[in-house]
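Biologist: Hi! I'm new to this one, could you walk me through it?
Modeller: Happy to, let me bring it up first.

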Amino acid sequence: MPAAALAQGAPPPGPPGMAGPAPTASQLAAMRQMHAQAQALRVQTRSRILAALTPAHRRAVANLFGQLALSPNPDPRGAAQSLDAMFSPAEKQSIVAVATAEHEYMHSLMQQARVQFESTLSADQRARMAQHEAEMKSMHQRRGLAAEAADPGTIVLHTLGSFAGPGMHGPGMHGGPF
């Protein structure tokens, strides 16, 4: 973009294929802050879930992750079922409680970020955003991607190993190999 156009005060266009201007400096700062908070929460959640497991079960989880990593056809669902069968009732309860607390706190962080972000948008931009969200919600409902409670084994796979499953974003999320 020519320097003269930038000097006129109009924000530069957004990435190709995205409607509207690029994020402002304050929007970028807010996004960076939200991502840092989310990353800190993930680290804390991982530590809390590991602490909920007995040493023997931590070793068994590590062994299972190694098997999944080396398998030509990893079966995360089967692995989650194996973990569920192995965990004690107290471990299961702790895992679900930690995951629920993380989910609620992450939702709160996202809502705060959303309010802050929306305050910088024009009425037209807010309307387009609401329309896009309605379309995405409808698509998720049609595809059966509605939120559902995860079992402790699946929670452990996703939190400690980043294994994707139904309704998740796919392989390689959050640094995991699968």
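**Salt bridges and helices**

Modeller: Let's start at Glu118, which is partly exposed, with a relative accessibility of 21%. Do keep in mind that this is a predicted model.

Biologist: Okay! Which residue does the side chain of Glu118 meet in a salt bridge?

Modeller: That would be Arg114, with N and O 3.0 Å apart. Arg114 and Glu118 are four residues apart in helix 5, which puts about one helical turn between them.

Biologist: Why does a spacing of four residues matter in a helix?

Modeller: An α-helix has 3.6 residues a turn, so residues three or four places apart point the same way.

Biologist: What else does the side chain of Arg114 meet in a salt bridge?

Modeller: Glu133, at 2.5 Å from N to O. Glu133 sits in helix 6 (residues 123-142) while Arg114 is in helix 5, so this pair ties together parts that are 19 residues apart in sequence. Glu133 is partly exposed too, with a relative accessible area of 30%. Put together, Arg114, Glu118 and Glu133 form a linked network of salt bridges.

Biologist: Nice. How many salt bridges does the structure hold?

Modeller: Three. One of them joins Asp124 to Arg128, whose closest N and O atoms are 3.0 Å apart. Asp124 and Arg128 are also four residues apart, in helix 6, and about one helical turn separates them. Asp124 is partly exposed at 47% relative accessible area, and Arg128 is partly exposed at 40%.

Biologist: Let's zoom out. How many helices and strands does the protein have?

Modeller: Seven helices and zero strands. Along the sequence, the pattern reads α-α-α-α-α-α-α.

Biologist: And what share of the residues is buried?

Modeller: Of the 178 residues in the protein, 24% are buried. The accessible surface comes to about 11,800 Å², and carbon and sulfur atoms account for 59% of that.

Biologist: What about contacts between residues at least 6 apart in sequence: what share joins residues at least 24 apart?

Modeller: That share is 62%.

Biologist: Where does Ala38 lie?

Modeller: In helix 2, which covers residues 25-52. Ala38 is buried, with a relative accessible area of 5%. Leaving out neighbours within four places in sequence, Ala38 is in contact with Met106 and Leu109.

Biologist: Switching to helix 3, what should I know about its length?

Modeller: Helix 3 runs over residues 55-70, so 16 residues, and spans 23 Å from first C-alpha to last, close to the 22 Å expected at 1.5 Å a residue.

Biologist: Which residues of helix 3 are buried?

Modeller: His57, Val61, Leu64, Phe65 and Leu68. Looking down the axis of helix 3, these buried residues fall within an arc of 100 degrees, so they line one face of the helix.

Biologist: What do the buried residues of helix 3 pack against?

Modeller: Helix 4 (76-86), helix 5 (89-118) and helix 7 (152-161).

Biologist: And which exposed residues are on the face of helix 3 turned away from the buried side?

Modeller: Arg59 and Leu70.

Biologist: Great, thanks for the tour!

How values were computed
Residues numbered from 1 in each chain as written. Predicted model: local features only at pLDDT ≥ 70, side-chain atom pairs only at ≥ 80, totals over all residues. Heavy atoms only, no water. Helix = DSSP H or I, 4+ residues; strand = E, 2+ residues; numbered from the N terminus. Buried < 20%, exposed > 50% of the residue type's maximum accessible area, 1.4 Å probe, protein only. Contact = heavy atoms within 4.5 Å. Areas by Shrake-Rupley, 256 points an atom, 1.4 Å probe, with all protein chains shown as cover. Arc of directions from axis to C-beta. Salt bridge = Lys/Arg side-chain N within 4 Å of Asp/Glu carboxyl O.
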